Every structure is written in C-alpha cells, then in structure tokens.
Amino acid sequence: MVGAPAAMVSLTAKGNAGPTLKGMPHMPRQTPSPQGAVVEFENVSKTFHSPKGPVHAVNGLTMSMQAGQTIAFLGPNGAGKSTSLNMLLGLSRPDSGRVALFGGTAAEAIKHGKVGAMLQSGGLMSDVTVQEQVQLWAKLHPRPIPVSEALKRANIADLADRRVDKLSGGQQQRVQFAMAIIGDSPLIVLDEPTTGMDVENRQAFWATMRERALEGKTVLFATHYLEEADQFAERVIVINKGRLLADGTSAEIKASAGAKRLSFRLPGVQDAALYRLPNLVHVERQADVVRLQTSDSDATLYALLDAGLRPTDIEIQPLGLEQAFLAITAEDNNHSGGPADGATLEAAR
Amino acid sequence: MNSTITLTKLDVLRVLRNTRYLIFAIAMPSVLYIAIGNSTKQTNGVEFKAYYMLAMATYGAFAGALMNNSIRIATERKTGWTRQLRLTSLPGGGYVFSKVVTSLVTTIPSVLVVFALGGTVFGVHMDAWKWVANAVVLWLASMVFVSLAVAIGYRFDPETAQPAVMLVFFPMAILGGLWFPLEGTLDKIGKWFPTYQAHKLGTDIITDGKISMESVGIIGGWAVLFAALAVVSYRAAQDQ
C-alpha cells in the first residue's frame, strides 16, 4: 500500500505534470559475482577535479557481467557511463575499487584479443582506405576474421576502396563497427554504436550483433536509443550519478518503475480520492482525464471501482523502457538531491 | 613487434599520399631550387647551385620531419585514434615508434629529389662518396626535428600545433640560411641553429671533405634538448 505522498516525482520533461506520487521502492538487484565473470566492478569510484569542485563521476559502482549476455548500459548524460566504460577498457584508472576483465587486467585481456570495442570518441586514420584501415585492425588482433567478412557484416563492402576521412559520419560509424568485430573477441563493447546510422543500417547492425550474441559472445552496449535496449538486451543496467540504479531484464525494470499507464475519464473526482489508490507511481490530470502510472494496474483499478467510482474510457497501456528509465532516474534524483553535476536527462526529449 | 611494423608501413604510406607533405617537403624545395638555384657564382666556397641544393635538401628534410608528425600526433590524439590503438595488441610505445620511423623514411625523398635535380638539371659535380656522405649527413641532421615534432604533437591541440610549428619553422629556415645566404649579424646568430650547421656540414664535405666537430656539437645540443622536450610532453600526455 502506498502511504502519504511523500516525494514528488515529475516524469515529464517540461515539468508541467500534475500532482505526483512516489511509488514502490526498487532496489538494484545485487548480482553475485561468481568466478569466470567477463566484467567485474567492485566498489569502483572515480572523481574528476573541475574548477567548480570535485565531480564524482563514478561513485561506488559494483556490477558484474557473465559470458554470453547481451547487456544494455543506460544512464542519463553525466551518469558516469563513459567513465565506467573507459575504466572497463583500461583507458583510465579507478581512484578506488577493482575493475577486472576476464579475471585480470584490461591490458592483458586486450593484448590477448579478448576485447573488441567501438568507442564514441574513437578516431580513424586519415589518408587510408576503408580496406586498409580494417586490414590494420585485423593485424593488430591475434585471431581476426577475414577482412572481407568484417566489411560484409558491417555493410561496408562497397566502401572498401573509399578514403576513410571522406566518409559520412554514419559510414565511419560502420567502419568502427567492422573494427570492433574483426578480432572475433569474446567481449564486444559498444559506446553509442548506432548514433548517426540510418534505419536500414541500424537494423543490419543489430542483426549482426544478434549473430555475435548467438555465437556466445558477451555484448555490452551503451545507448541513448532505449527501444534498442528494450529489443536487443537480455539485461539492462541503469546507472545514475555514478551508482548502480537498476539491474535486470527490460521487463523487470519496467515493472519496478511502475510499468503500466492506467487512464480514464472521471469528471469531478477529488485529488485526495486518487491519492488513496494503491500502487501509484505517478498521477497526472488534465481536466476530466486522469492518467495514472501504476506498478499494479489491476489492483489500482479494483480499488478505484471498490471506492464506488465509475470511470469511463478506461485504457491500460504498458510503458516502454524509456518511460521506465525516466521514472527511475527522476525518482532517484529527487531522492538524493537532484542530478549529479552537469547531468541532464537527455532521454527526456 | 609485427603489429608495430604493420602500423609503421601504413603510416609511411599515408604520409606519402598526403598533399601537405608533398607540397612542403617535396614540391616547395624543388620549385625554389629550380627558380633560384641556377648560378655558378661562389658562395661559402662552393658554387651557388651546389650551395642551394644542400640548402633545399636540408629544408625539405627538416620541414618534413617537423611538420608531419607534430600536426598528425596532435590531431590523432584529439580524434581519439591513439585511444583506439590502446584497444589493440599494439605495444605501448608502438605508436611513437611508428611515427619516428615514418619521419626517418619520409625525409629521404626530400633529399633525393633535390639532389637528383642538382645532379641532372644543374650539373652539380662532386665525388660519388660526397653525394652519399651529404645525403646521409643531411638526413641524419634533420632527425633533430623528429623529436621536436613528437614534443609539439603531445603538447598542443591540432589548432595550436600549427602556429607552434610555424614559430619554429620560419626562424629555423631563415636563420639557418636555407632560403638565402646570411651575412653579418644574421650569420653570427644563424650559426647557432641546427639547420645552419646541417647545411654547413654539407658545404664542408664538398670543400674539404671534412666534418666539423663544432657543427656536430651544435646539432647534438639541439638533439638532446628536443629529445628531452619530447620525453617530457609524451609522459605528461600519458598521465592525462
């Protein structure tokens, strides 16, 4: 049962929502980190020092990823995603805590060709062709797949003879993708992989990623496209302000966020009557139309009817991962005093 | 080591394809030489056409060594290319190694093209061993600027690396007496520059077949200074 409306959570980007209620608490699922985890973070922290004072980019992050999983890594801008990925890949060192790849250091794993990565900030060479660029990457990995195969999978076979620096952003993104898979590495890390790709290439990209996952590879990707996380990830990790906020399947995260929207028309209803309903996460009113976000739409609806109210035009819709993501990060920010320094809810568009 | 060699080969190839390199290190010294160098009057004890051939060969080699790597390293750090390389089996120093070797290789054509022009078009004559000695000496002396390029590349952004390079390039070219022979005060200042001394090593070889220890000492001093700068900026960049 929901108690008094303790905290106000605004779920809409412009902050013009009606009265809101804080719903059920959701705790990050603590995953045990057994032997043989591909990625392990143990109480990892990283602080940057800016003129305005210290920024705790990653703050006691603990998580682990098992072989063969496809994992989406989500968080608002400034949540610490890129910092975490950089530490994961050994590009920067944590101030405290432990990061392990395949039970050892990132440098060792990379040296043995166990990691294929596609960085958001990853540059390409100038004055070389696509073929030469990818060929180089094949030579820099111990067990590469044929270059022609990588070009085909990345849908750039027709660009092989073009100069890399003359390509469009989306085309360069696909070159990066070919480089990430050429090493046939058991772990593939992708930071915003489909940014700049058109719909067709995005679909081709995910089809290829799905094949890699079926081969038993671990695929970890950060993205702003929450539909992609919803569709392709079997596990979703959400971080906020450098901490683990939620960890589970997409369905679990939607459920924990209050994953149904119950809307109806009910002229003249008192706000207080609405607030008494169980399992509420968020309440929105526009004149006679009431929209509730609820973690248990059945219970909420029954309670509404039991209270003697007779709403019309009743609709129950599942919420997408995007709304769930917004709900849990907004709630978390509200809980602990606003977003981290510089953080914005980019997904709230 | 294999991966480093692969990277180096591609790095050499792309410099040879690069327009900036072709203009500054090959075309400009050749054109200047053809335009200005055709004179038999004596300058510093040698015919001007030999004097200016050495000047332009030094100029091409030093410009190539200085310009390519400084801008490239700065740019490739900025675009994240150096980060990308850290996600491969390439050893830690492989990138810098590749850049240095690329400079060693891509300064050779600058010397050879100008020497070929001198030997054929202008009919510069000297003993065969002097041609070889001159080519090797000028090439080695221009290597001083390979480490300076590394220092600039790791210290500056792509935007600021360009002016930093120019700030070094013009005094080194002009006070080194590479564009026109120096006299009086300019000559007294110029002799402390490595470009001046590299060129002088060349004319010394032609006139009396000897290598002056004073020239070697001055060039060596700059080499040590630039190498130290390179190490300092490289280390500072790694810590970021």
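Strand β3 (residues 70-74) of chain A is joined to β8(A) by four bridges, and the two run parallel. One pairing to look for is A:A72, whose bridge partner in β8(A) is A:V236. Everything here comes from a predicted model, so keep that in mind as you look around.

**A strand wrapped on both faces**

How many of the six residues of strand β8 (residues 235-240) of chain A are buried? Six of the six are, so β8(A) is largely enclosed by the rest of the structure. You can check this face by face: A:R235, A:I237 and A:I239 sit on one side, A:V236, A:V238 and A:N240 on the other, and all of them are buried.

β8(A) also pairs with strand β9 (residues 243-248) of chain A, this time in the antiparallel sense, over five bridges. Here A:I239 has A:L244 of β9(A) as its bridge partner. The hairpin made by β8(A) and β9(A) has two residues between the strands, and in it A:K241 takes a positive phi near 50°.

As background, strands of a sheet pair through backbone hydrogen bonds, and the pairing can be parallel or antiparallel.

Now move to another part of chain A, where three strands form an open sheet in the order β2-β1-β4, with antiparallel pairing. The edges are β2 (53-65) and β4 (96-101) of chain A, each of which pairs on one side only. On average, and ignoring direction, neighbouring strands of this sheet are turned by 30° against each other.

A hairpin connects β1(A) to β2(A) through two residues, and A:S50 has A:G53 of β2(A) as its bridge partner.

What lies across β1, β2 and β4 of chain A? That would be helix α1 (residues 81-88) of chain A, which runs at about 120° to β1(A).

Here are the strand pairs of chain A met so far, side by side:

| Strand pair | Bridges | Direction |
|---|---|---|
| β3(A) and β8(A) | four bridges | parallel |
| β8(A) and β9(A) | five bridges | antiparallel |

**Chain A as a whole**

Stepping back, chain A has 11 helices and 13 strands. Of its 349 residues, 53% are buried. Looking at contacts in chain A between residues at least 6 apart in sequence, 71% join residues at least 24 apart.

**Some residues worth a look in chain A**

A:T329 is found in helix α11 (residues 321-335) of chain A. Its relative accessibility is 0%, so A:T329 counts as buried. The side chain of A:T329 reaches the backbone oxygen of A:F325 at 2.8 Å. A:T329 and A:A257 are 72 residues apart in sequence, and their C-alpha atoms are 9.5 Å apart in space.

Two loop residues are also worth a click. In general, most residues other than glycine have a negative phi. A:D127, though, has a positive phi near 60°. A:D127 lies in the loop between β5 (115-118) and α3 (130-139) of chain A. Is A:D127 buried or exposed? With a relative accessible area of 9%, A:D127 is buried.

Look for A:N155 in the loop between α4 (147-153) and α5 (169-181) of chain A. At 31% relative accessibility, A:N155 counts as partly exposed.

**Over to chain B**

In chain B, helix α5 (residues 94-106) and helix α6 (residues 108-120) pack with their axes 4 Å apart, at an angle of about 5°. α5(B) and α6(B) are therefore roughly parallel to each other. On the α5(B) side the contact is made by B:L104, B:V105 and B:T106, and on the α6(B) side by B:I108, B:P109 and B:S110. Sorted by class, this contact has four nonpolar residues, two polar ones and no charged ones.

Last stop: B:H199, in helix α11 (residues 194-208) of chain B. B:H199 has a relative accessible area of 4% and is buried. Which residues is B:H199 in contact with, leaving aside its neighbours within four places in sequence? They are B:Y51, B:L54, B:A55, B:T58, B:G177 and B:L178.

Terms used:
Residues numbered from 1 in each chain as written. Chains lettered and ligands numbered in written order. Predicted model: local features only at pLDDT ≥ 70, side-chain atom pairs only at ≥ 80, totals over all residues. Heavy atoms only, no water. Axes fitted to C-alpha atoms, helices over the stretch in contact; angles between N-to-C directions. Parallel < 35°, antiparallel > 145°, perpendicular 65-115°, else oblique. Contact = heavy atoms within 4.5 Å. Nonpolar A, V, L, I, M, F, W, Y, C, P; charged D, E, K, R; others polar. Pairing = 2+ DSSP bridges. Buried < 20%, exposed > 50% of the residue type's maximum accessible area, 1.4 Å probe, protein only. Polar contact = N/O pair within 3.5 Å; in protein donor to acceptor, adjacent residues only side chain to side chain.
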